[in-house]
Amino acid sequence: MTAGTADDMAPRGTTPGPTTADDTVLVTGAGGNTGRLVVAGLTALGVSVRAASRRGTAAPAGAGPELFTSAHFDWHDPRTHTDALDGVDRIYLVPPIGAVEPADVMVPFLRRARESGVRRAVLLSSSAIPEGGPGAGQVHGALAEIFPEWAVLQPSWFMQNFIGGHQHGESIRARDTILTATDKGRVGFVDAADIAAVAVRALIDEPAHNTAHVITGPEALSYDDIAATVARVTGRPVRHDSVSYEQQRDRFAADMPAEFATLLADLDRAIASGVEDRTTRTVETVTGRPPRSFADFAEAHASSFVGDRADRADRAQRDVGPGISPTSR
Ligand SMILES: NC(=O)c1ccc[n+]([C@@H]2O[C@H](COP(=O)([O-])OP(=O)(O)OC[C@H]3O[C@@H](n4cnc5c(N)ncnc54)[C@H](OP(=O)(O)O)[C@@H]3O)[C@@H](O)[C@H]2O)c1
């Protein structure tokens, strides 16, 4: 399969997709960074959604039972798959978090989904993962063979990594620090809301996109740039500290399997080499509006960069992992 990007395409129309009352979109990862916004975006357009997750997902404001249902869904438990797929014709796919080989559970599910009548699938992958590459890259490679209508989203790094439960968000709140092995490498950080907006169009546009979309924000920024912006909006001395590849790998390995920790450290090394120093016009081309800047995102989320005092002390203890002695830059 050969995948182009949105940069190759003419601006899209706004033709709504599902056309019958029976059409339902199954949204996996429905409580996550992009999934919950895809649910909200679809229901706001009157598209019926089934929200799939392990922990349950609340309906967006204004979405009644005719537009929103939920399903208990675990990628690793096929017994949860049948009910989730009932009456579904499109799927938004967020891979199981932490799985090194998500294709092992996703591809059998996708074949089953196709047999049960699903005709369109939109996969959340990553700008760092090529078609056929590791992780979601294997699912990317299988998608067009299984479904007549498809799209793969390849976003750059999420702006949401600096708030919430991500390690960078925790480290900012606990120690006013971001630790990476990216050196001065730049990244086209993107707001999850812009990714979700592209996902919604990929799920409902006619004709189907049938392409891969590399999705970035409006500018490529280093982690030094990110720290400076967070420092400006919070008034705190937030900084980016560089660690070595080995230090970053070992730090990740304290919280996850060694193989996955190595994969994440490899991504930092790739950023340092400059491969993520790019921007695309995908968000504007697909949605008709430009992507959000990090400065705008940071101002809107200024309070999320600040933990309370107990939170900061607790997280500081946990963040000072073995073997980490960051070099301030
Ligand atoms: N963060 C980034 O910078 C970035 C950049 C590019 C691509 N990505 C990709 O984006 C994807 C989402 O990452 P995220 O950090 O934003 O996570 P997220 O979507 O906020 O959270 C993951 C979601 O998946 C669900 N989930 C996890 N394991 C599951 C399982 N076994 N079965 C069913 N549902 C499961 C979780 O809900 P429940 O726990 O309720 O099931 C949660 O809603 C990942 O594949 C990541 O590689 C991330």
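Helices and strands here are DSSP runs, numbered from the N terminus. The model is predicted. The protein has 329 residues, of which 45% count as buried, and its secondary structure comprises 12 helices and 12 strands. Among contacts in the protein with a separation of 6 or more, 75% join residues 24 or more positions apart.

**Ligand surroundings**

- The ligand has 23 residues around it, and those that come nearest are Gly 29, Gly 32, Asn 33, Arg 54 and Arg 55.
- Sorted by class, the shell around the ligand holds 10 nonpolar, 10 polar and three charged residues.

**Nonpolar core**

- The largest nonpolar core contains 86 residues.
- Val 27, Ala 121, Val 122, Leu 123, Leu 153 and Ala 199 have the most contacts inside this core.
- Helix α6 gives the most to the core, with 10 residues.
- At least three residues of the core come from each of domain 1 (6-10 + 22-159 + 189-215) and domain 2 (161-185 + 219-276 + 292-316).
- Leaving aside residues up to four places away in sequence, Val 27 touches Gly 35, Val 38, Val 39, Val 49, Arg 50, Ala 51, Ala 52 and Tyr 92.

- Strand β5 spans residues 120-124, and five of its five residues are buried.
- In a regular strand the side chains alternate between the two faces of the sheet.
- On one side of β5 are Arg 120, Val 122 and Leu 124, on the other are Ala 121 and Leu 123, and all are buried, so both faces are covered.
- Strand β4 (residues 90-93) pairs with β5 in the parallel sense, over four bridges.
- Arg 90 has Arg 120 of β5 as its bridge partner.

**Helix α8**

- Helix α8 covers residues 245-253, and its buried residues are Gln 247, Gln 248, Arg 249, Arg 251 and Phe 252.
- The cover over these buried residues of α8 includes β7 and α9 (258-272).

**Backbone features in loops**

- The peptide bond from Glu 206 to Pro 207 is cis, and its omega is near 0°.
- Pro 207 sits in the loop between α6 (192-204) and β9 (211-215).
- Asn 210 lies in that loop between α6 and β9 as well.
- Asn 210 is a residue other than glycine, yet its phi is positive, near 50°.
- Asp 176 is not a glycine either, and its phi is positive at about 55°.
- The loop that holds Asp 176 runs between α5 (167-175) and β7 (177-180).
- With 19 other C-beta atoms within 10 Å, Asp 176 is therefore partly exposed.

**An exposed proline**

- Pro 65 is found in the loop between β2 (48-53) and β3 (68-72).
- Pro 65 is exposed because 8 other C-beta atoms lie within 10 Å, and the limit for an exposed residue is 12 or fewer.
- From C-alpha to C-alpha, Pro 65 and Ser 48 are 9.1 Å apart in space, and they are 17 residues apart in sequence.

Notes: Residues numbered from 1 in each chain as written. Predicted model: local features only at pLDDT ≥ 70, side-chain atom pairs only at ≥ 80, totals over all residues. Near = placed C-beta within 6 Å. Nonpolar A, V, L, I, M, F, W, Y, C, P; charged D, E, K, R; others polar. Helix = DSSP H or I, 4+ residues; strand = E, 2+ residues; numbered from the N terminus. Buried ≥ 20, exposed ≤ 12 C-beta atoms within 10 Å, placed from the backbone. Core = buried A, V, L, I, M, F, W, Y, C linked by C-beta atoms within 7 Å. Domains from an automatic or database assignment. Contact = placed C-beta atoms within 7 Å. Pairing = 2+ DSSP bridges.
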